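Please keep the viewer open and follow each step.

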Amino acid sequence: HCASGNRAAAMWLIKRVLVDKWDNDRALEEASQLGSISPVRKAFALDYIQAHKKSFWQLHYECEDELS
């Protein structure tokens, strides 16, 4: 188990922005309360969010349309 919560906080940050549609600042604030995010993990999470933000919701709506 990770005592710092480093990885979990980074994943939670990604979830909050991509799934819950929070802005980066609000999600970063909450994630830092959950664990200590290293600069490397923070950079990874923010890069991942940037790369997937549009495609995540585009895919969601396409799937939703197919199920209707």
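Before we start, one definition: a patch is made of residues with over 30% relative accessible area and no salt bridge, with like charges joined within 9 Å and nonpolar side chains (Val, Leu, Ile, Met, Phe, Trp, Tyr) within 5 Å. Accessible areas come from the Shrake-Rupley method with a 1.4 Å probe, and for residues only the protein chains shown count as cover. This is a predicted model, in which local features need pLDDT of at least 70, side-chain atom pairs count only at pLDDT 80 or more, and totals for chains, interfaces and linings use all residues. Residues are numbered from 1 along each chain as its sequence is written, and side-chain values use heavy atoms, with hydrogens and water left out.

**Exercise 1. The nonpolar patch**

Task: Find which residues form a nonpolar patch on the surface, and give their accessible area together.

Solution. Step 1: the members are M11, F44 and Y48, and together they have about 300 Å² of accessible area.

Step 1: check the exposure of two members. Buried means under 20% relative accessible area, exposed over 50%, and partly exposed in between (1.4 Å probe, protein chains only). F44 is partly exposed because its relative accessibility is 46%. Y48, at 33%, is partly exposed too.

Step 2: look at the rings. Rings of Phe, Tyr and Trp (its six-membered ring) pair if their centres lie within 6.5 Å; planes under 30 degrees apart count as stacked, over 60 as edge-to-face and the rest as tilted. Searching the whole structure gives one aromatic pair. That pair is F44 with Y48, tilted, at 6.0 Å centre to centre and 35 degrees between the planes.

Step 3: Helices (H or I, at least four residues) and strands (E, at least two) are DSSP runs, numbered from the N terminus. Helix α3 covers residues 39-67, and F44 and Y48 both lie in it, four residues apart, about one turn of the helix. An α-helix has 3.6 residues a turn, so residues three or four places apart point the same way.

**Exercise 2. The salt-bridge network**

Task: Work out how many salt bridges there are, and which residues they link in a network.

Solution. Step 1: apply the rule, a side-chain nitrogen of Lys or Arg within 4 Å of a carboxyl oxygen of Asp or Glu. The count comes to three salt bridges.

Step 1: take them in turn. K15 pairs with D20, their closest N and O atoms being 2.6 Å apart. D20 also meets R16, at 2.9 Å from N to O. R16 in turn meets E30, at 2.8 Å from N to O. Since E30 lies in helix α2 and R16 in helix α1, this pair ties together parts that are 14 residues apart in sequence.

Step 2: join the pieces. K15, R16, D20 and E30 form one network of salt bridges.

Step 3: K15 is partly exposed because its relative accessibility is 30%, and D20 is partly exposed at 27%. R16, by contrast, is buried at 16%, and E30 is buried as well. In α2, the buried residues are A27, L28, E30 and A31.

**Exercise 3. The surroundings of N6**

Task: Decide whether N6 is buried or exposed, and find which residues N6 contacts beyond its neighbours within four places in sequence.

Solution. Step 1: N6 lies in helix α1, which spans residues 6-18. N6 counts as buried because its relative accessibility is 13%.

Step 1: with contact meaning heavy atoms within 4.5 Å, the list is S36, I37, S38 and R41.

Step 2: compare P39, a residue of helix α3. P39 and N6 are 33 residues apart in sequence, and their C-alpha atoms are 10.0 Å apart. P39 counts as exposed because its relative accessibility is 68%.

**Exercise 4. The whole chain**

Task: Say how many helices and strands the chain has, and what percentage of its residues is buried.

Solution. Step 1: there are three helices and zero strands, in the pattern α-α-α along the sequence.

Step 1: of the 68 residues in the chain, 28% are buried. The chain exposes about 5000 Å², with carbon and sulfur atoms supplying 55% of it.
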